[in-house]
Amino acid sequence: MPPSTSDDKASAAVAALRAAAERGDADALTDLFAPDVVFHSPMTMRLSFEGRDEVVALHRDIFAVLEDLQTTEPLSRGAQWSFSFSATVRGVPLEAHNLLRFNPDAQIAENTIFVRPLPALATLFATLPPRVSTRRRSRLHGTVAGLLALPLAFALRTADRLVPKFL
């Protein structure tokens, strides 16, 4: 059975999302997201970003801290699509999986990202929240967020280098 028009639109949206991510162009994402899109943080279940403007602004922050972002071919099942990507954050290699759910208008309604390995997630946690907090709240909030996460990122990067010698 041939794909529906909605499937074609979702496929085109995923292709556009991947291309924009590889270019680091958050503004190109605006029309891809539903007005009420929800982005689930890879760092904590306590935080989601809601609304097109907020999610696009978040992607500006994300693209500012990730380097050499490369995506893989997507997979789909119904209204859900996914693809993986790799990048570096402060020189630390990162792998991630992007899970997307589309609404009936073929706009991204929900976006969840899973990140590995743990040192990369910790480095992202030390890098991204200060930018987001500064944008959303104040420079002081951003500075505090960054300072709280730095020891964790350092400890996990160090453990990542040392633990294989003990196992």
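Is Phe-49 buried or exposed? Phe-49 is buried, at a relative accessible area of 5% (buried is under 20%, exposed over 50%, partly exposed in between, with a 1.4 Å probe and protein chains only). Some notes on the rest follow.

1. Ground rules. This is a predicted model, where local features need pLDDT of at least 70, side-chain atom pairs count only at pLDDT 80 or more, and totals for chains, interfaces and linings use all residues. Residues are numbered from 1 along each chain as its sequence is written, and side-chain values use heavy atoms, with hydrogens and water left out.

2. Confidence. The protein chain has an average pLDDT of 91 (the predictor's confidence in each residue, from 0 to 100), and 98% of the residues score at least 70. Strand 1 (residues 33-40) comes out highest, at a mean of 98, while helix 4 (residues 139-166) is lowest, at 84. Helices here are DSSP runs of H or I with at least four residues, strands are E runs of at least two, and both are numbered from the N terminus. As a reminder, where pLDDT is low, the predicted coordinates should not be read in detail.

3. The aromatic pair. The count is one, using rings of Phe, Tyr and Trp (its six-membered ring) with centres within 6.5 Å; planes under 30 degrees apart are stacked, over 60 edge-to-face, and the rest tilted. Phe-39 and Phe-49 make up this edge-to-face pair, 6.3 Å centre to centre with 65° between the planes. Phe-39 sits in strand 1 and Phe-49 in strand 2 (residues 48-50), so the pair ties together parts 10 residues apart in sequence. Phe-39 is buried too, with a relative accessible area of 3%.

4. A nonpolar patch. Leu-140, Val-144 and Leu-148 together give about 330 Å² of accessible area on the surface (Shrake-Rupley, 1.4 Å probe; for residues, only the protein chains shown count as cover). Val-144 belongs to helix 4 and is partly exposed, at 40% relative accessibility.

5. The cis peptide. Going from Arg-116 to Pro-117, the peptide bond is cis, with omega near -15°. Pro-117 falls in the loop between strand 7 (108-116) and helix 3 (118-136).

6. Positive phi. Two non-glycine residues deserve a look. Asp-68 has a phi of about 55°; its place is in strand 3 (residues 66-71), and at 59% relative accessibility Asp-68 is exposed. Ala-106 has phi near 60° and lies in the loop between strand 6 (92-102) and strand 7. Ala-106 is buried, with a relative accessible area of 9%.

Notes. Patch = residues over 30% accessible without salt bridge, like charges linked within 9 Å, V, L, I, M, F, W, Y side chains within 5 Å. Salt bridge = Lys/Arg side-chain N within 4 Å of Asp/Glu carboxyl O.
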